[in-house]
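Dear colleague,

Please find the structure below, handed over for your own work.

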Amino acid sequence: MIGGVMGSDGDYGDYGEYLADCPARVGFDLLSHRWNSVVVFALADGPVRPGRLRTVIGGISAKVLNETLRRLEYDGLVARRAHAEAPPRVEYELTDLGRSFLVPIRALGTWSAEHGHRVLEAQDRADEASATA
């Protein structure tokens, strides 16, 4: 089997290649965007204002943060709450779906902590090999 998705019965259905309509693609697409996981993880402790998110995350522009928050809101992972105050105040928080997305993010973080050094070592070896070739 080249690809498959675990169903609710715990069995993997055979989908052949990961086709456009394969349910696993949704999760892979969410994880593959550079900032999605970072923003979701930064919202794990509760509602946060965009300026505070930028400070906590670091290295993300206001434009990219705004695009990421809108995309995550579109995907149902994040909720935007505007407070009727002067000046206006906006906060973002995870939805139930967004909180459930923390499970694979944390699993990937654990894997990275355990094996990330091996990936970096492999990259260093490849860089050295290409430099001497």
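**Findings**

E67 is partly exposed, with a relative accessible area of 39%; the classes used here are buried for under 20% relative accessible area, exposed for over 50% and partly exposed in between, with a 1.4 Å probe and protein chains only. This is a predicted model, in which local features need pLDDT of at least 70, side-chain atom pairs count only at pLDDT 80 or more, and totals for chains, interfaces and linings use all residues. Residues are numbered from 1 along each chain as its sequence is written, and side-chain values use heavy atoms, with hydrogens and water left out.

**Salt bridges**

E67 forms a salt bridge with K63, and the closest N and O atoms of the pair are 3.8 Å apart. A salt bridge here is a side-chain nitrogen of Lys or Arg within 4 Å of a carboxyl oxygen of Asp or Glu. Because E67 and K63 are four residues apart in helix α4 (residues 62–74), about one helical turn separates them. K63 counts as exposed, at 59% relative accessibility.

The whole structure contains five salt bridges. One of them joins the side chains of D96 and R99, at 2.3 Å from N to O. D96 and R99 are both in helix α5, three residues apart, which is about one turn of the helix. D96 is exposed at 62% relative accessibility, while R99 is partly exposed at 41%.

**Overall architecture**

The protein chain has five helices and four strands. Helices (H or I, at least four residues) and strands (E, at least two) are DSSP runs, numbered from the N terminus. In that direction, the order of the elements is β-β-α-α-α-α-β-β-α. Of the 133 residues in the protein chain, 26% are buried. Among contacts in the protein chain with a separation of 6 or more, 38% are between residues 24 or more positions apart; contact means heavy atoms within 4.5 Å.

**The β3–β4 hairpin**

Strands β3 (residues 78–83) and β4 (residues 89–94) run antiparallel and are joined by six bridges. Two strands are taken to pair if DSSP finds at least two bridges between them. The two strands β3 and β4 form a hairpin, with five residues between them. A79 has E93 as its bridge partner in β4, and H83 has R89 as its bridge partner in β4.

**Contacts around S37 and L31**

S37 is found in helix α2 (residues 36–42) and is buried, with a relative accessible area of 16%. Leaving aside neighbours within four places in sequence, S37 is in contact with L31, F101 and I105. L31 lies in helix α1 and is partly exposed, at 30% relative accessibility. With neighbours within four places in sequence again left aside, L31 is in contact with S37, F101 and I105. L31 and F101 are 70 residues apart along the chain, and their C-alpha atoms are separated by 9.4 Å.

**The largest pocket**

Which residues line the largest pocket? The lining consists of V26, G27, L30, L31, D75, L77, L97, S100, F101 and P104. Helices α1 (24–32) and α5 (96–132) are the elements that give two or more residues to this lining. By class, the lining has seven nonpolar, two polar and one charged residues; Ala, Val, Leu, Ile, Met, Phe, Trp, Tyr, Cys and Pro count as nonpolar, Asp, Glu, Lys and Arg as charged, and the others, Gly among them, as polar.

About 200 Å³ of space lies in the largest pocket. On a 1 Å grid over the protein atoms alone, using a 1.4 Å probe, a pocket is an open set of points with protein on both sides within 12 Å along at least five of seven lines, and lining residues have an atom within 4 Å of a point. Grid points are joined across faces, edges and corners, and a volume is the space filled by probe spheres set on the points.

Yours sincerely
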